[in-house]
Amino acid sequence: MASPFLASLCQDSEGEEDEIIPIVGVRPPVFRTLLRHVYGGVTPVDAWNADAEDEEPNILASPSMELLDAANRYGVLSLKILAETKVSSDISVANASDLILYADSKDAALLKERVVDYFCTHAEEIRRHPSFQKVRESTKILDQLLEALLSKRSFRSHSPNSNDQAYGSMSVNLLRKKLNERKLDYDGSREIMIQRLEKWDEINQQESPQADPIVASSQPVEVD
C-alpha cells in the first residue's frame with residue numbers, strides 16, 4: 001500500500017456521503033503532486049522546480065522540501081526517498097545546519113546522512129555560519145557530527161553476500177534495501193533501521209531448525 005495513512009483517512013469516512021476529509025499543512029498543488037505519485041506512479045519534473053522569479057530560493061521553502069514534508073506527513077515512503085534525494089543535491093554551507101536539524105526531526109535518514117557527509121568536508125565554513133548556532137543547541141547532533149569527523153566514516157553501498165550483517169558500516173540506501181528484501185518497514189532513522197535488521201536476524205536465528213548431527217556430519221555413514 002503506497003500510503004496507509006491516506007487509506008485510513010478514507011476508511012474512516014466510509015458510509016458517509018459527501019464526507020469532507022480535511023487536508024492540513026500541505027498546499028493544494030503539493031498535495032495533488034503527492035496523489036499523482038500515489039495513484040499514477042509519476043511525479044512531474046516541474047513539481048520539483050522553484051519559481052523562476054526566486055533568484056535565491058530558500059531550500060526550506062522549496063518545492064522539494066514541501067514534497068518531502070508532505071510525503072513524510074502522509075506516509076508516502078517512495079516519494080519521501082525521492083524528495084530526500086532531490087533536497088540532498090542542494091546542500092550548501094548556508095542551509096546545512098537547518099537541513100540536518102530538519103532531517104533528524106523527521107527521520108529523513110538519507111538526507112541526514114548526506115548532510116553529515118557534507119559537513120565532514122565543509123566543517124569550518126559551516127561552523128562559522130550564523131545558522132550553526134541552532135546546531136550548537138543540540139548535544140545529540142553535535143556528538144554525531146564530531147563522531148563523523150573523527151572516524152572519517154565511509155559507508156558501504158554494496159554487500160559482499162546475503163548474510164552480510166555489518167549494518168553499522170552500511171549506507172542508508174543499503175540498509176533500506178536490506179529491510180525491503182526482508183519485507184520490513186524501511187522508514188525511520190538510521191538507528192531504527194539497524195535495530196529492525198538486528199531484531200529480524202535474532203528472531204530468524206532462533207526459529208532456524210538445528211541441523212541433524214548425522215546429516216550435517218562430513219564423515220561417511222556406513223550402511224550394512
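1. α5 is followed by Asp107, whose phi is positive, near 55 degrees. A positive phi also occurs at Gly75, near 70 degrees, after α3. Helices (H or I, at least four residues) and strands (E, at least two) are DSSP runs, numbered from the N terminus.

2. On the source: this is a predicted model, in which local features need pLDDT of at least 70 and side-chain atom pairs count only at pLDDT 80 or more, while totals for chains, interfaces and linings use all residues. Residues are numbered from 1 along each chain as its sequence is written, and side-chain values use heavy atoms, with hydrogens and water left out.

3. Overall content. The protein has 12 helices and 0 strands. Of its 224 residues, 35% are buried, where buried means under 20% relative accessible area, exposed over 50% and partly exposed in between (1.4 Å probe, protein chains only). Among contacts (heavy atoms within 4.5 Å) between residues at least 6 apart in sequence, 54% join residues at least 24 apart.

4. Burial of α5. This helix is mostly covered, with 7 of its 10 residues buried. The buried residues are Ala96, Ser97, Asp98, Leu99, Ile100, Tyr102 and Ala103. Their cover includes α3 (63-73), α4 (77-88), α6, α7 (123-128), α8 (132-136) and α9.

5. Burial of α3. Here Pro63, Ser64, Met65, Leu67, Leu68, Ala70 and Ala71 are buried. These buried residues pack against α2 (28-40), α4, α5 and α6.

6. α5 against α9. The two axes come within 11 Å and cross at roughly 110 degrees. That makes α5 roughly perpendicular to α9. Axes are lines fitted to C-alpha atoms, for helices over the stretch in contact, and angles run from 0 to 180 degrees between N-to-C directions. Angles under 35 degrees count as roughly parallel, over 145 as roughly antiparallel, 65 to 115 as roughly perpendicular and the rest as oblique. On the α5 side the contact involves Ile100, Leu101 and Asp104, which meet Lys140, Ile141, Gln144 and Leu145 in α9. By class, this contact has 4 nonpolar, 1 polar and 2 charged residues. Ala, Val, Leu, Ile, Met, Phe, Trp, Tyr, Cys and Pro count as nonpolar, Asp, Glu, Lys and Arg as charged, and the others, Gly among them, as polar.

7. α6 against α10. The axes of α6 and helix α10 (residues 172-181) come within 9 Å and cross at roughly 155 degrees. The two helices are therefore roughly antiparallel to each other. Ala109, Leu110, Glu113 and Arg114 of α6 make the contact with Val172, Asn173 and Arg176 of α10. The classes here are 3 nonpolar, 1 polar and 3 charged residues.

8. Tyr118. This residue lies in helix α6 and is buried, with a relative accessible area of 19%. Leaving aside residues up to four places away in sequence, Tyr118 touches Ile91, Ser92, Val93, Ala96 and Ile126. Tyr118 and Ile91 are 27 residues apart in sequence and 7.6 Å apart in space, C-alpha to C-alpha.

9. The cavity. On a 1 Å grid over the protein atoms alone, a cavity is a set of points where a 1.4 Å probe fits but cannot get out, and a pocket is an open set with protein on both sides within 12 Å along at least five of seven lines; lining residues have an atom within 4 Å of a point. Grid points are joined across faces, edges and corners, and a volume is the space filled by probe spheres set on the points. By this rule there is 1 cavity of 30 Å³ or more. The largest cavity has a volume of about 40 Å³. Its lining consists of Ala96, Ser97, Ile100, Val115, Phe119, Ile126, Phe132, Val135 and Leu145. α5, α6 and α8 each supply at least two of the lining residues, and α5 gives the most, with 3 residues. The lining divides into 8 nonpolar, 1 polar and no charged residues.

10. The largest pocket has a volume of about 400 Å³. Of its 21 lining residues, Lys112, Gln144, Arg153, Arg190 and Glu191 lie nearest its centre. Two or more lining residues come from each of α5 (96-105), α6 (109-121), α9 (139-151) and α11 (190-207). The largest share, 5 residues, comes from α9. By class, the pocket lining has 8 nonpolar, 4 polar and 9 charged residues.
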